[in-house]
Amino acid sequence: MQYKRILLKLSGEALMGNRQYGIDPDRLAEYAQDIKTIIDKGVEVAIVIGGGNIFRGVAGASRGMDRVQGDHMGMLATVINGLALQSACEDAGIQTRLQTAIKINEVAEPFIRRKAMRHLEKGRVVIFGGGTGNPYFTTDSAAVLRAIEIEADVILKGTRVDGIYTADPEKDKEATKFDYITFDDVLKKGLKVMDTTAFTLSQENKLPIIVFDMNTPGNLLKVVSGETIGTKVNM
Ligand code: UDP
């Protein structure tokens, strides 16, 4: 395997499958199988999960809700997704721990870096819920932050599209995909990979990001083995 320790970022929307809202158990089960495959190869897996399938603070604020209140709801949404993913992983025979950035002690462990790293060394999947624990941030920022903290080799951003394109491939038929691109080029070309806060944090810490299609079973293993699928953003 090319990567020994990875941070997988899954958006909340990814968990919807073909639904318009909420969580699709079949999609979760597929993800769990993919994760099991790489765990069995000895890869250490940490996951940051989004909450956009349930609630986004910005969406609430656009309808007059207090932004911080909305962000708290969004962070709790990521904990709900984390619990669902934890359950699916355990059904697939994977040992897991859910750690949250906001304390919900009856439900999950609090985020403790050293504990997280110990779990990883023991082959447990560590799911990080609650984002960064702060309003006005995103789970992409949480993904980069946690990846740096746990010394992950790479961030794997699992999405619906199979990489970074010259334009939005869902809108522009002429768009072409990059296999590799530098952080500087992403910024120069104004391409959207993550929000700026998350992206520059990754760049400053020289942490590569691979964007790939997580909805094709088997892709996760390919990426971790070093096959050129998706797009790799590097220095
Ligand atoms: N959120 C937050 N702080 C964080 C991470 C998330 O306040 O550190 C809130 C924010 O309201 C966000 C929501 O949680 O809209 C869900 O996260 P995100 O939008 O990143 O989820 P995704 O797009 O990955 O599904």
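I began with Ser-87, which sits in helix 3; helices (H or I, at least four residues) and strands (E, at least two) are DSSP runs, numbered from the N terminus. The model is predicted, so local features need pLDDT of at least 70, side-chain atom pairs count only at pLDDT 80 or more, and totals for chains, interfaces and linings use all residues. Residues are numbered from 1 along each chain as its sequence is written, and side-chain values use heavy atoms, with hydrogens and water left out.

**Ser-87**

I looked up its accessibility. Ser-87 has a relative accessible area of 42%, so I logged the residue as partly exposed. The scale is: buried under 20% relative accessible area, exposed over 50%, partly exposed in between (1.4 Å probe, protein chains only). I then checked Ser-87 against Ala-29. They are 58 residues apart along the chain, and their C-alpha atoms are separated by 9.4 Å.

**Thr-78**

I moved to Thr-78, also in helix 3. Thr-78 is at 3% relative accessibility, so it counts as buried. Next I listed its polar contacts (pairs of N or O atoms within 3.5 Å; within protein, one must be able to donate a hydrogen and the other to accept it, and residues adjacent in sequence count only if both atoms are side-chain atoms). The Thr-78 side chain reaches the backbone oxygen of Met-75 at 2.6 Å. A polar atom of that side chain also lies 2.7 Å from the backbone nitrogen of Gly-130.

**Ligand shell**

Which helix gives the most to the shell around the ligand? I found helix 3 (residues 67-91), with 3 residues. I counted a residue as near if one of its heavy atoms lies within 4 Å of the molecule. There are 21 residues around the ligand, and Arg-56, Asp-71, Thr-132, Asn-134 and Thr-139 come nearest.

I then went through the ligand's oxygen contacts. One is 2.7 Å from a polar backbone atom of Gly-12. Another entry puts a ligand oxygen 2.8 Å from a polar backbone atom of Gly-57. For Thr-132, a side-chain N or O atom is 2.7 Å from a ligand oxygen. The protein covers 94% of the 520 Å² of accessible area that the ligand has on its own (Shrake-Rupley method, 1.4 Å probe; for residues, only the protein chains shown count as cover).

**Arg-56**

Last, I checked Arg-56. It is in the loop between strand 2 (44-49) and helix 2 (57-62). Its relative accessible area is 41%, so I logged Arg-56 as partly exposed. Arg-56 and Gly-12 are 44 residues apart along the chain, with C-alpha atoms separated by 9.9 Å.
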